[in-house]
Every structure is written in C-alpha cells, then in structure tokens.
Amino acid sequence: LLGDVTLEIAAGAVGTTELADDAVTPLKIDAAIAGTGLARSAAGVLSVDGSAITGDGDITSSDLTVGGDADALLGDVTLEIAAGAVGTTELADDAVTSAKIADGTIASGDIADDAVTPLKINAAIAGTGLARSAAGVLSVDGSAITGDGDITSSDLTVGGDADALLGDITLEIAAGAVGTIELADDAVTSAKIADDAVTAAKINIDVAGTGLSQNVTTGALEVDATGSEIELDTPIDVDGDGTDETNVQDAIADLAALPRTYSMGKVNGDATAASIYNATVARVTADTEGDYQITFTNALANTNYIIQLTILDCGGNCPPSGGSNYDDPGISYYDQQTTGFKVNIGDSDNGTTAKDDIDLEFMFTVTVLPN
C-alpha cells in the first residue's frame, strides 16, 4: 500500500461491453483482417476489391435477359425484360396509361369481349348528340342535334318534324302509290275492297278468259261467243243428280230435235212494245184500229211456224168506249209470211152486230218446229 503499483488489462478482458461506441477507428483494425476481396487503405479503411474476387455462379431468368459479366458477380450486369414476359399479373392496376400504348397497336383481336367497360371510355368521346353519365354510359341526346335533312317520298305523305330528325314524323301512303308490285299475294281480301270500288277500268285484260272479252273503250267484260270453245264429248249432268246423263254433242242434237221459241212479245193497245224479242211491232196502217204488224228481226225459211195469241181480259168493259156493247173481244192472226204476220183484235158483241176492231193489249209467241 502506498508503494508503486502496475496495472495491465488482462488478455481478453476488453469485450463489446468495455468498448465505447465508435471507439474502434480504422487504424485500430489490424491490416491482416483484409482478406480476399477486401483492401485496406493507409487510413485503415476497408473496401471491397471486386477485381480480386472470382465468381462461379450466374444470374439467370426466364423473364429477364441477362448480359454483362460472364460470372455475374460484382461485374457489370445488364438486365432487360424479355419480350412477352409482362402479363396481367405483372401489371399493376392503372399502370398502363395512354402514353404507354403505341399508336395503332391495339386491334380488335387484342381486346377481350366485354373488356371495355363504360368507365374505360374517355368522356371526350361523347361529342355532339351524345351524353355520358357518371357511370360512363353513352346515350343519344336528341335535344343537342339540329337536323338539316328531310324525309321525302313520292309514295308516302310525310308530316311532322320539319327537319325529320329525332322529332315526331307521320307517314301515310300516298293515293295511288300501291301497285301490283307492292301488294303481297293474297293480301287483298273481300273485306279490304269497298263496295263498287273495282270499276271496269280497274280490271286487267288478263281477267277475260275463255268466252269473255274486254271492251277497249269502257273496260267492261263482255261475253265473247266467238271465242268460246268446248269439247263436244264433255259430259253433262242434265238433272243435277251428280250423274252425267249425256255429253255436249248429244245434248245439242237433242235440243235441235225440240221445238224452239223464235219470237215473243207483249204489245200495248197503241202498238208500242212493252217487251218484245226478235221482232218489231207497228200498226198495219196509221189510222187503223185493232190491226198490228209483227215483223221478225230475221226471216224464217218457211211459214210453218206456230203462232199463239192472247188478249188482256178487259172485264166486259173493252175499249174504245167501254160498256156492255164491248164485252166479247177476240184475237186472230192473218197474212202469215216468212218475215212476220198480222194480228187483228175486235169485239163481235155476241154476234148481233158486225165485228168492231178495237185496240187492246195482247201477247204473242212464235214457235218453230224442227221440221
């Protein structure tokens, strides 16, 4: 005690705890610590010496193209993304901006169906006549469009919006616009045709088939007997019982063997015809009562025709003056010729006086026998 004392730090006595922060400066580190790949400067600073390191591994990637140092360790290494290596997974949301896409490179085939949603479409795309909602949906805005064209037609009557664009438009078929080409087959039913609407002028000439002809002036259809033809052996059901009893040729032969009415008429007392067929009537002389001339339209071959006459029943009060003196009228024919015959009507007054000719309504029938 109180003598000279020596103190020494024992070997290994200075540990981490005994060292103050930043107490070990570069020069405190022995130079031998700088092994392969490290270099110690004069100031004692340690640095990596890449040139002294020999690498034996490679940097490889299926998505990156690796280039540079052959050993890929501490040398200059280049890395490039391989073509096609960046897919949907690699891309962050909203990473691809318009500037990143080369003009004209995205074609229809590059876009999946329904991939372009409304919000993906830029609002600037909605030009005149279009409106874009907050959800990105595009709609036509008719109020923003000013039309400058018209809907016109020679077949339709057009009414409504003056500019005929997005306004209310009415279309009506113009009179006379519907022709044969516009009508579908079977489109015109009976209910569609107004009464008396189909006039003779509306009937096509093709409607006139066998036995008919069309009047070129009025358009009316007329029977054309000269154009009618029928096979003589065509069967005929005479009595309508569903069974054919004869044919055309035999029926004609049968008819030719029958008597036929050649002429007939109803004649007024004043010698005018009320109704007459195949003949004319007149007084024998202008001042003669009771005598009438019947003249055939065409003369017969002989005078063997049958004449039937009848007079109006005047109820015992016959003309000219009536009364009991004219109550026995009679009718007869005379002067029978191939061209016609004469008729006399008179009242014999029960035979007490001479016959008095009178004018009285009568009827006649002329029948021609086959032989």
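**Group meeting talk: a walk through the strands**

Okay, let's start at Thr246, which sits in strand E12, residues 246-247. Before I go on, this is a predicted model, so local features need pLDDT of at least 70, side-chain atom pairs count only at pLDDT 80 or more, and totals for chains, interfaces and linings use all residues. Residues are numbered from 1 along each chain as its sequence is written, and side-chain values use heavy atoms, with hydrogens and water left out.

A word on names: helices (H or I, at least four residues) and strands (E, at least two) are DSSP runs, numbered from the N terminus. Buried, when I say it, means under 20% relative accessible area, exposed means over 50%, and partly exposed is in between, with a 1.4 Å probe and protein chains only.

Back to Thr246. Its relative accessibility is 16%, so Thr246 counts as buried. Which residues is Thr246 in contact with, leaving aside its neighbours within four places in sequence? They are Thr234, Pro235, Ile236, Val238 and Ala251, where contact means heavy atoms within 4.5 Å.

Now the sheet I'd like you to look at. Four strands make an open sheet in the order E14-E13-E21-E17, and the pairing is antiparallel. Strand E14 (273-277) and strand E17 (306-311) are at the edges with a single partner strand each, so each has one side left without a neighbour in the sheet. From one strand to the next, the twist averages 10 degrees; the axes behind that are lines fitted to C-alpha atoms, for helices over the stretch in contact, and angles run from 0 to 180 degrees between N-to-C directions. And strands pair, by the rule here, if DSSP finds at least two bridges between them.

Let's stay with E21. On one side, E13 and E21 run antiparallel and are joined by seven bridges; for example, Arg260 has Val368 in E21 as its bridge partner. With E17, the antiparallel pairing covers six bridges. There, Ile311 is partnered with Phe362 in E21, and Ile306 stands opposite Thr367 in E21. So is E21 enclosed or open? Five of its seven residues are buried, so E21 is largely enclosed by the rest of the structure.

As background, most residues other than glycine have a negative phi, and most peptide bonds are trans. Ala271 isn't a glycine, yet its phi is positive, near 75 degrees. You'll find Ala271 in the loop between strand E13 (260-267) and E14, and it is buried, at 11% relative accessible area. Asn278 also has a positive phi, about 60 degrees, without being a glycine. Asn278 is in the loop between E14 and E15, and at 19% relative accessibility it counts as buried.

On to charges. How many salt bridges does the structure hold? Two, with a salt bridge being a side-chain nitrogen of Lys or Arg within 4 Å of a carboxyl oxygen of Asp or Glu. One joins Asp359 to Arg283, with the closest N and O atoms 2.8 Å apart. That pair links distant parts of the chain, 76 residues apart: Asp359 is in the loop between strand E20 (356-357) and strand E21 (362-368), and Arg283 is in strand E15 (residues 279-283). Asp359 is buried at 18%, while Arg283 is partly exposed at 26%. The other is between the side chains of Lys342 and Asp335, at 2.4 Å from N to O. Lys342 counts as buried at 15% relative accessibility, whereas Asp335, at 34%, counts as partly exposed.

Last stop, the aromatics. Rings of Phe, Tyr and Trp (its six-membered ring) pair if their centres lie within 6.5 Å, and planes under 30 degrees apart count as stacked, over 60 as edge-to-face and the rest as tilted. By that rule there are six aromatic pairs. Take Tyr305 and Phe341: their ring centres are 6.5 Å apart and their planes are at 45 degrees, so the pair is tilted. Tyr305 lies in the loop between strand E16 (291-296) and E17, and Phe341 in strand E19 (residues 340-347), so the pair ties together parts that are 36 residues apart in sequence. Tyr305 is buried at 5% relative accessible area, and Phe341 is buried at 0%. Both belong to one aromatic cluster, formed by Tyr262, Phe296, Tyr305, Phe341 and Phe364.
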